[in-house]
Amino acid sequence: MKRVGNLADKMLSDANIGLAIDEVCSSHRWVGHHKPNKTTLWVETTKPERIKELRQIIINGFEATQPTIKRRYDRNARKWRDISEPRLYPDQFIHHILIQTIEPVMMRGMDRFCCGSIRGRGAHYGIKAIKKWMKNDRKGTKWCAELDIYHFYEQLSVEVVMSRMKQLIKDRLVLDLIERVLVYDVTIGAYFSQWFANTILQPLDVLVRESGVNHYIRYMDNFTVFASSKKTLIHLISIMEEWLVKHKLRLKDNKQYFKTRKRLPNALGYRYGRSYTLIRKRRLLNIKRQVKSCYRQKCKVSAKFAQSLLSRLGALRHCNSQSIYKKFIPNGLQKKLKNIVREYQRKEKLTWSMCLAQYALAA
């Protein structure tokens, strides 16, 4: 694949930096106890000056600060994760400026069913594909393998990332900036980490396709592969393990392959039959508990709680859930929750506009 150059002008353009500012500010307007984020207010009200300043920071040589590490519990994976939170200004703005520039380059070799952290390719993109395969191709989905990379982000080295980036990009300023943002490694929580992770695994996706497997989905570092025979899957796993070892990575020991006739494939939060889809038991249990909690609360339901429950209920749209709605979801619950969220968002928008006006006057 031919390397791409002349990216510096695009990266340093007013349009690219302005778009990055809009993206970061839109998701960082509030801090604890729903107070306005003063840094975001300052950036939004002085946007022309910040565009010039961010451009100069990149030209002079960006120096990343050590991110704050916060320990959070991942309910889906049922384990604690160390999430890094980079400094808001200028670090997170620089990350967005960089990724917006090199995103088209990284997307050139992206597998069609590489899902996660890519616009338009979320979990539901993969769910739709698996449903189609299970329904229309019985022979090709006779066997299934579920694989995962062991401590992927922790084991992924900066040398491996830079080697891959140099295969795709030849612009010196862009490569220098990539190396500078990676000074504290590829960490969970940083915006660039998800993109670099997907890009690193592109050659592995190509190997899987060349092995003759037609039905294959990767959600970040989780693999779901379907084949017509056990032999094909065993051969594929050996190829994957060989490639991962060369890149200082390895599969988890809990890798497994099985007949879909005896056991339902489990991926992206659902279990898949030939003509039906079931939600995972733990996800359903969480929905039941939250619905009960909603009606136990004597005070008004908070907007945060309403958003969380609406998100969980939205998962039921992608599986066979008629009996679940009849048994556990009261009539009118979703409408009530949506009204709470709408009212909250209306007030939030109004409050932010007032804060911007007051900050501009004070400045």
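In what order do the 3 strands of the open sheet stand, and is their pairing parallel or antiparallel? The order is β10-β11-β12, and the pairing is antiparallel. The model is predicted: local features require pLDDT of at least 70 and side-chain atom pairs pLDDT 80 or more, whereas totals for chains, interfaces and linings use all residues. Residues are numbered from 1 along each chain as its sequence is written, and side-chain values use heavy atoms, without hydrogens and water.

**Sheet**
- β10 (266-267) and β12 (277-279) are the edge strands, each with a single partner, so one side of each has no neighbour in the sheet.
- Strand β11 (residues 270-272) is joined to β12 by 3 bridges (strands are DSSP E runs of at least two residues; pairing needs at least two DSSP bridges).
- Tyr272 has Thr277 of β12 as its bridge partner.

**Nonpolar cores**
- The largest nonpolar core has 72 residues, of which Ile102, Ile169, Ile178, Leu182 and Phe196 touch the most other members (a core joins buried Ala, Val, Leu, Ile, Met, Phe, Trp, Tyr and Cys residues through side-chain atoms within 4.5 Å; buried means under 20% relative accessible area with a 1.4 Å probe, protein chains only).
- Helix α5 (residues 88-107) contributes the most to this core, namely 10 residues (helices are DSSP H or I runs of at least four residues).
- A second, separate core of 35 residues includes Ile127, Ile287, Leu313 and Ala315.

Methods:
Buried means under 20% relative accessible area, exposed over 50%, partly exposed in between (1.4 Å probe, protein chains only).
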